[in-house]
Amino acid sequence: MKKLAVLFAAMLILVGCGGGGGESSAASGSGDTTAAAGGSSDAYVFQSGDVTIAMNAEAAPIVEALGEYDDYFESESCAFDGLDKQYTYGSFILKTYPLEDVDYVSSVEIRDDLVSTPEGVSIGSPAEDVVEAYGEPAEEGTYSYTKGDCTLLFLVQDGAVTSIQYTAITE
């Protein structure tokens, strides 16, 4: 279990710090970045109402379509030139990174069981539901799945999902 917590903490740090240099081609993989369509079908996406949130998609139309957020935070990016931004909505947190004066989606963290992945997994779901929806994990005990430019990570404790995070692959 400690291994999973360390892996999750490392992913959060990499999201916050990008894990790489100041240049990235992340925006090129985003496809249609309209809030309703967002991103391509070859990657995991998060759905909030009728708004699809794809990793590496342009953030502005998504934030606009989501409407008023509960909380906002920004800080100087340690991986890119500009500000990393965090928008907190009721059941999830959307984080962005700057690239060439445009903000792109870097991660979505699900905060409670009021929302789920499009495949039906939510906080509190049994680990078996994760395997049924996404397949056997590559490494035992680590429920991490990569598809396109997105890694989807589930933390599982005592057989139940305790955390879900979508993370952009920016390199």
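## Helix H3 and its packing

Buried residues of H3 pack against strands S7 (143-147), S8 (150-157) and S9 (160-168). Contact means heavy atoms within 4.5 Å. Buried means under 20% relative accessible area, exposed over 50%, and partly exposed in between (1.4 Å probe, protein chains only). Helices (H or I, at least four residues) and strands (E, at least two) are DSSP runs, numbered from the N terminus.

H3 spans residues 127-134, with Ala127, Val130 and Tyr134 buried. They cover an arc of only 55 degrees around the axis, so they sit on the same side of H3. The arc is taken over directions from the helix axis to the C-beta atoms. Exposed Glu128 and Glu132 are on the face turned away from the buried side. Just after H3, Gly135 has a positive phi of about 100 degrees.

## Model and confidence

This is a predicted model: local features need pLDDT of at least 70, side-chain atom pairs count only at pLDDT 80 or more, and totals for chains, interfaces and linings use all residues. Residues are numbered from 1 along each chain as its sequence is written, and side-chain values use heavy atoms, leaving out hydrogens and water.

Mean pLDDT (the predictor's confidence in each residue, from 0 to 100) is 82 for the protein, and 76% of residues reach 70 or more. Over residues 1-40 the pLDDT is below 50.

## Helix H2

Ala65 lies in H2 (residues 59-66). Ala65 is partly exposed, at 40% relative accessible area. Val51 is 14 residues from Ala65 in sequence and 6.8 Å away in space, C-alpha to C-alpha.
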